[in-house]
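Take a look at the structure below. Keep it in view as you read the briefing.

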Amino acid sequence: MMGLIIFLIVIILIVLYFVAIYNGLVTSRNGYKNAFAQIDVQLSRRHDLIPNLVETAKGYLAHERGTLEAVVQARNAAVSGLAGAKANPGDPAAMQQLASSENALTQTLGHLFALQEAYPDLKANQTMMQLSEELTSTENRVAFARQAYNDAVLTYNNRREVFPAALVANGLGFAAAEPLAIDNPAVRDAPKVSFG
């Protein structure tokens with residue numbers, strides 16, 4: 001009788017241990033999905049600012065139509081990439097598509113801002129200055145949200161890969177999540193120093 005009670009207690013403890021592992025995996029997965037929701041908010045804000053930026057620049061850059069069209073196309077691709085990632089946050093293909101489209105958008109915006117420097121009237125335009133400032137602020141918010149998301153993905157992936165959680169994760173379909181890597185050339189390029 002005492003052996004049966006000990007056996008049942010051991011079984012109950014094992015079941016509770018695996019329930020705790022499962023609950024931890026669910027909590028971590030929900031954490032990175034919530035962190036992605038913050039990226040969604042900031043990228044949507046970024047995408048919403050771009051048409052206003054393009055409209056403001058149109059009057060000054062009438063003969064630079066190719067650049068303006070490239071910005072609009074890149075924005076539309078980024079919106080599409082965000083919709084795909086929003087449907088399945090953490091999915092490697094969706095996250096790579098989002099990162100690729102956001103990198104392309106950042107590059108085309110860089111071309112637009114380079115043109116802005118060449119046109120003093122556009123550079124001095126209050127609306128353009130305000131939109132540029134809002135876009136810069138949003139870029140910073142995106143960076144912070146991306147860092148929080150990537151930290152949550154790291155926590156989730158670590159939790160799902162350690163033993164014995166890996167047995168539960170693999171058996172119950174907890175797939176690995178993909179971090180979001182949006183390149184910011186200004187951050188990656190080392191400053192050039194010259195003493196000459």
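This is a predicted model: local features need pLDDT of at least 70, side-chain atom pairs count only at pLDDT 80 or more; totals for chains, interfaces and linings use all residues.

Residues are numbered from 1 along each chain as its sequence is written, and side-chain values use heavy atoms, with hydrogens and water left out.

**Salt bridges**

- A search of the whole structure finds six salt bridges. The term means a side-chain nitrogen of Lys or Arg within 4 Å of a carboxyl oxygen of Asp or Glu.
- One of them pairs Glu139 with Arg46, at 2.6 Å from N to O. This pair links distant parts of the chain: Glu139 sits in helix H5 and Arg46 in helix H1 (residues 2-58), 93 residues apart. Helices here are DSSP runs (H or I, at least four residues), numbered from the N terminus.
- Glu139 is partly exposed because its relative accessibility is 28%. Arg46 has a relative accessible area of 2%, so Arg46 is buried. The cut-offs are under 20% relative accessible area for buried, over 50% for exposed, and partly exposed in between (1.4 Å probe, protein chains only).
- Asp48 and Arg75 also form a salt bridge, at 3.9 Å from N to O. Asp48 lies in helix H1 and Arg75 in helix H2 (residues 65-87), so this bridge ties together parts 27 residues apart in sequence. Arg75 counts as buried because its relative accessible area is 18%.
- The side chains of Arg160 and Glu161 meet in a salt bridge too, at 3.9 Å from N to O. Arg160 is buried, because its relative accessibility is 10%. Elsewhere, salt bridges with shared partners join Arg46, Glu102 and Glu139 into one network.

**Helices H1 and H3**

- Two packed helices are described by the angle between their axes and the distance between the axes.
- The axes of H1 and helix H3 (residues 92-118) come within 12 Å and cross at roughly 30°. Each axis is a line fitted to C-alpha atoms over the stretch in contact, and angles run from 0 to 180 degrees between N-to-C directions.
- H1 and H3 are therefore roughly parallel to each other. That label applies to angles under 35 degrees.
- Residues on both helices make the contact, including Phe36, Leu43 and Arg46 of H1 and Met95, Leu98 and Glu102 of H3. Contact means heavy atoms within 4.5 Å.
- The contact residues divide into 11 nonpolar, two polar and two charged. Ala, Val, Leu, Ile, Met, Phe, Trp, Tyr, Cys and Pro count as nonpolar, Asp, Glu, Lys and Arg as charged, and the others, Gly among them, as polar.

**Pro164 in its loop**

- Where is Pro164? Pro164 lies in the loop between helix H5 (126-161) and helix H6 (165-171).
- A cis peptide bond joins Phe163 to Pro164, with omega about 5°.
- Pro164 is buried because its relative accessible area is 15%.
- Pro164 touches Tyr17 and Ile21, leaving out residues up to four places away in sequence. Tyr17 is 147 residues from Pro164 in sequence, and 10.0 Å from Pro164 in space, C-alpha to C-alpha.

**Asn157 in helix H5**

- Asn157 is found in helix H5. Asn157 is buried, because its relative accessible area is 12%.
- Neighbours within four places in sequence aside, Asn157 is in contact with Ala176 and Ala177.

Key. Helices (H or I, at least four residues) and strands (E, at least two) are DSSP runs, numbered from the N terminus. Angles under 35 degrees count as roughly parallel, over 145 as roughly antiparallel, 65 to 115 as roughly perpendicular and the rest as oblique.
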